[in-house]
Structure formats: C-alpha cells, structure tokens
Amino acid sequence: KYSPMPVSGFIPNAVSETTTVTPILAGEYEFQLDVWDANGVKSCTPWTQTVLVIPADAIHIELTWTDKSPMPMESGPEAHTDLDLHFAHGDLADNGYDLDNDGLNDPWFDAKWDCFWFNSKPNWNDQGVVAEDGPHLVLHKTDGFGPEILRYNPPETPANYRIAVHGWDDKEWGEAYPMVSIYLHGVLMFQHNETVNDKDLWEVG
C-alpha cells in the first residue's frame with residue numbers, strides 16, 4: 001500500500017512456489033495470491049492476507065520523501081533530491097552553530113551527539129550516557145522516496161532528543177516533500193509532512 005517501493009521485492013520472484021519478501025517500512029501490507037489448477041483454470045477469487053509490520057525498537061524513526069523529478073521510478077545519484085535524517089541528544093549536543101538564527105546554538109552536525117549519515121552509529125556510552133549504545137541510522141538513501149531509518153535500543157531515560165530533516169542537495173529539482181514517522185515501542189506517535197528546499201533544515205521536534 002506504499003508507493004513506490006515499500007519492500008525489497010519477492011525472492012526469488014513473485015511466481016515462485018516458495019517466495020519471501022522483506023518490508024522496508026512499518027505499516028500495513030496486503031498480499032494477494034492467484035492460483036491455477038492443472039488444467040490452467042484460474043481460481044475465481046484470489047486469496048488475500050493483510051500483514052501489519054510493527055517495529056520492535058524503543059525508538060524507530062522513518063523518513064520518506066517525494067520531489068518534482070519527472071522520473072518518479074528512476075534511481076541514481078542525480079535522479080532525485082537527497083534529504084537526510086538527523087537525531088541528536090538534545091541535552092548534550094551543541095556544535096556551536098546557530099543554524100536557525102534564533103540566538104541559540106543548535107545540535108545539528110555535532111561530531112559526537114548528532115546521528116546522521118556521516119555519523120551513522122555514534123557511541124554515546126563512553127560519555128556517561130546510561131544507554132548501552134547510541135542510536136543507529138540503519139538505512140541511508142541519497143535519492144527520492146528514501147527511506148532513511150533510525151533505531152535506538154534502549155534509549156537513555158530520562159533525556160531529550162531532537163529530530164530534523166536536512167535538505168542536503170536538491171539536485172536542481174527544487175522543493176521536496178518529506179514525511180517523518182516516529183514509533184515508540186511499536187506505536188505510531190507522530191507522522192507529519194513538510195516542504196523542504198535546498199539546504200533547509202526542518203526541525204521536526
């Protein structure tokens with residue numbers, strides 16, 4: 001029910017007697033099966049099954065997006081806008097830059113406390129953080145649709161965390177339209193769409 005590619009594809013293929021599929025995003029998936037008998041007669045009614053994919057992570061964040069590229073199904077370094085998901089320790093991150101010009105230093109691009117593509121699996125434990133490890137950006141994409149996925153198990157509590165989406169490179173396609181979904185212990189707590197231009201930083205929450 002997602003568009004265009006919510007799954008990794010059928011392995012080995014969709015017509016094999018035995019096949020597997022790996023969902024990429026959390027949510028509801030509907031599978032349909034058509035069957036032919038030995039005489040080549042198709043079943044009158046296809047079998048359908050709905051599967052609900054629920055993330056098992058304490059914190060699970062998904063970023064997907066679309067843009068104005070006229071090649072919606074194409075992939076590659078210049079095919080779509082490149083957006084990046086950021087997850088920062090709001091109590092400790094302070095890179096010294098006031099990126100939003102509000103007079104306060106922001107945590108984004110902090111070498112230690114901001115988890116993003118350049119710092120995809122920071123080790124926060126050696127700085128006195130209670131959690132066993134830091135967050136992990138488990139999936140990073142450089143063109144449209146994403147997804148980018150971040151997990152954190154177990155998070156430090158109590159603590160404040162900050163989430164943002166950065167317009168890294170619009171590839172000259174102009175504005176993009178990200179959606180961020182936040183799951184806490186498998187429950188969808190937040191889902192929101194926004195418009196992001198090149199080099200914009202959307203502070204999600």
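At 9% relative accessibility, does Asp57 count as buried or exposed? Select Asp57 to begin: at that 9% it counts as buried, where buried means under 20% relative accessible area, exposed means over 50%, and partly exposed lies in between (1.4 Å probe, protein chains only).

Before going on, note that this is a predicted model, in which local features need pLDDT of at least 70 and side-chain atom pairs count only at pLDDT 80 or more, while totals for chains, interfaces and linings use all residues. Residues are numbered from 1 along each chain as its sequence is written, and side-chain values use heavy atoms, with hydrogens and water left out.

**The whole chain**

Colour the model by secondary structure, and you will find zero helices and 11 strands; helices (H or I, at least four residues) and strands (E, at least two) are DSSP runs, numbered from the N terminus. Of the 205 residues of the protein, 37% count as buried.

**Salt bridges**

Because Arg151 lies in strand S7 and Asp57 in the loop between strand S2 (47–53) and S3, the pair ties together parts that are 94 residues apart in sequence.

Next, select Glu175 and Lys68, whose side chains form another salt bridge (3.6 Å, N to O). Glu175 is in the loop between S8 and S9 and Lys68 in the loop between S3 and S4, so this pair joins parts 107 residues apart in sequence.

**A buried charge**

Stay in the loop between S8 and S9 and select Asp170, which is buried yet has no salt bridge, the nearest side chain of opposite charge being that of Lys199, 6.3 Å away. A polar atom of the Asp170 side chain does, however, lie 2.8 Å from the backbone nitrogen of Glu172.

**The nonpolar core**

Finally, select Ile61, Phe87 and Val180, which touch the most other members of the largest nonpolar core, a group of 26 residues. Such a core is a set of buried Ala, Val, Leu, Ile, Met, Phe, Trp, Tyr and Cys residues joined through side-chain atoms within 4.5 Å. Strands S3 (59–67), S4 (82–89), S7 (148–152), S8 (161–169) and S9 (176–184) each supply at least two residues of this core. Leaving aside neighbours within four places in sequence, Ile61 is in contact (heavy atoms within 4.5 Å) with residues including Leu85, Phe87, Ile163 and Val180.

Notes. Lys and Arg count as positive and Asp and Glu as negative; His and the chain ends are not counted. A salt bridge is a side-chain nitrogen of Lys or Arg within 4 Å of a carboxyl oxygen of Asp or Glu. A polar contact is a pair of N or O atoms within 3.5 Å; within protein, one must be able to donate a hydrogen and the other to accept it, and residues adjacent in sequence count only if both atoms are side-chain atoms.
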